[in-house]
Amino acid sequence: MQTLIPQSFSESSCVQSLDGVTNPSAYSIFAAVDFTVFVPIGEITGPAMSLLCLADFKAHAQKQLSKTSWEFIEGEADDGITYNDNLAAFRRIRLRPRYLRDVSKIDTRTTIQGQEINAPICISPTAFHSIAWADGEKSTAKAAQEANICYVISSYSSYTVEDIVAAAPGGLHWFQLYVQPDWDINKQMVQRLEALGFKALVITVDVPVLGNRRGNKRNLLDLEANITLKDLRSPGERKSSLPAPTSMPSTSFCWNDLPLLQSITRLPIILKGILTKEDAELAVKHNIRGIIVSNHGGRQLDEVPASIDALREVVAAVNGKIEVYMDGGVRTGNDVFKALALGARCIFLGRPIIWGLACKGEHGVKEVLNILKEELHTCMALSGCRSVAEINSDLIQFSRL
């Protein structure tokens, strides 16, 4: 039996990292929750464990984390129909490889919003990385920078944007902005992001309210409590004793507000959470620069389409006018290939990044990204594609089963 020792990461340090100041309201959320991260002694003193695929990382990460932490990371809305279908939908797609092509050189590079990345595999915004690894988003940012891919930093990060950018100053960073009811706060946040060199704003549109996440309720984890986000305050304000703004996004934010958001930033705006052609067409009409097809990993409205199924509808609706990306259910390089074949410019990873962190911190994230890149490289070679640009819908078919 493998002996486990707790990593230096207590509940109080978790709350401190979430808020940056002593915040009694934050304790109301985490006080009854055990977020202890366990590290096997063999992981520290013995040879590195061989983790060959993302499924290996998932299984190992679950052993590392407390039940509450794991259920927060993996939790789905309601009956988990969409959560499960995100995975199953990829299995319904088959590959149609072309042979007798020169695949002696394979190039996985592409561009997103004009920025080159080494592979069409990027990192979605996910909350509280310090639950899985003490350095949290700083480790994630370092791994993304080394891989030369995009990292969308979450509004619900364990560290400030300044801390995260300082850890990886050469990285390609986008920021997930939950639009606040107070537009002065939105404007101040955008100004900070622009000054730090962020390249895009990602507006998550599918959270006017939180989905019904039963696991969080069973574990007494109340995400609707009055938790504060230190990133919504300027550095000077974070040192004050004044109350911080609440973190919940505006419930009234709508299409008519987009021109106001566009007027306060020069950054391209990406909408995350679009699933229908109607909303995709509205995004084009409102001069949005990109769409991330997403159902929030099955954590918001249950029984919506799998992301890979909705991707086709959205890609057809925008008709090449703007870039389309997707997240949800990607677990192999073949999955990446299928998403690209259906028109995605790149995919974004959520939970697998947290698995990598939980297993090996920064190095675990690097391994997760590298595994997917190598699997994609193999799939491209075996399908007759020398570059990402050669991946198209002729190379896939939908199973009749």
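Student: Why is Asp107 called partly exposed?

Tutor: Asp107 has 28% relative accessibility. Buried means under 20% relative accessible area, exposed means over 50%, and partly exposed lies in between (1.4 Å probe, protein chains only). Asp107, at 28%, therefore counts as partly exposed. The model is predicted: local features need pLDDT of at least 70, side-chain atom pairs count only at pLDDT 80 or more, and totals for chains, interfaces and linings use all residues. Residues are numbered from 1 along each chain as its sequence is written, and side-chain values use heavy atoms, with hydrogens and water left out.

Student: What makes the pair Arg109 and Asp107 a salt bridge?

Tutor: A salt bridge is a side-chain nitrogen of Lys or Arg within 4 Å of a carboxyl oxygen of Asp or Glu. For Arg109 and Asp107 the closest N and O atoms are 2.9 Å apart, so the pair meets the definition. Arg109 is itself partly exposed, with a relative accessible area of 44%.

Student: How do you know that Lys67 is exposed?

Tutor: Lys67 has 57% relative accessibility, and the cut-off for exposed is passed, so the label holds. Its salt-bridge partner is Glu71, with the closest N and O atoms 2.9 Å apart. Glu71 has a relative accessible area of 26% and is therefore partly exposed.

Student: Why are Lys67 and Glu71 separated by about one helical turn?

Tutor: Because they are 4 residues apart in helix H5 (residues 67–74). An α-helix has 3.6 residues a turn, so residues three or four places apart point the same way.

Student: How many salt bridges does the structure hold, and which residues are linked in a network?

Tutor: The structure holds 15 salt bridges. Asp85, Arg92 and Asp309 are linked in a network of them.

Student: Why is 16 Å the span expected for helix H7?

Tutor: Helices are DSSP runs of H or I with at least four residues, strands are runs of E with at least two, and both are numbered from the N terminus. The expected span is 1.5 Å times one less than the number of residues. H7 (residues 136–147) has 12 residues and reaches 17 Å from its first C-alpha to its last, close to the expected 16 Å.

Student: Which residues of H7 are buried?

Tutor: Gly136, Glu137, Ser139, Thr140, Ala141, Ala143 and Ala144.
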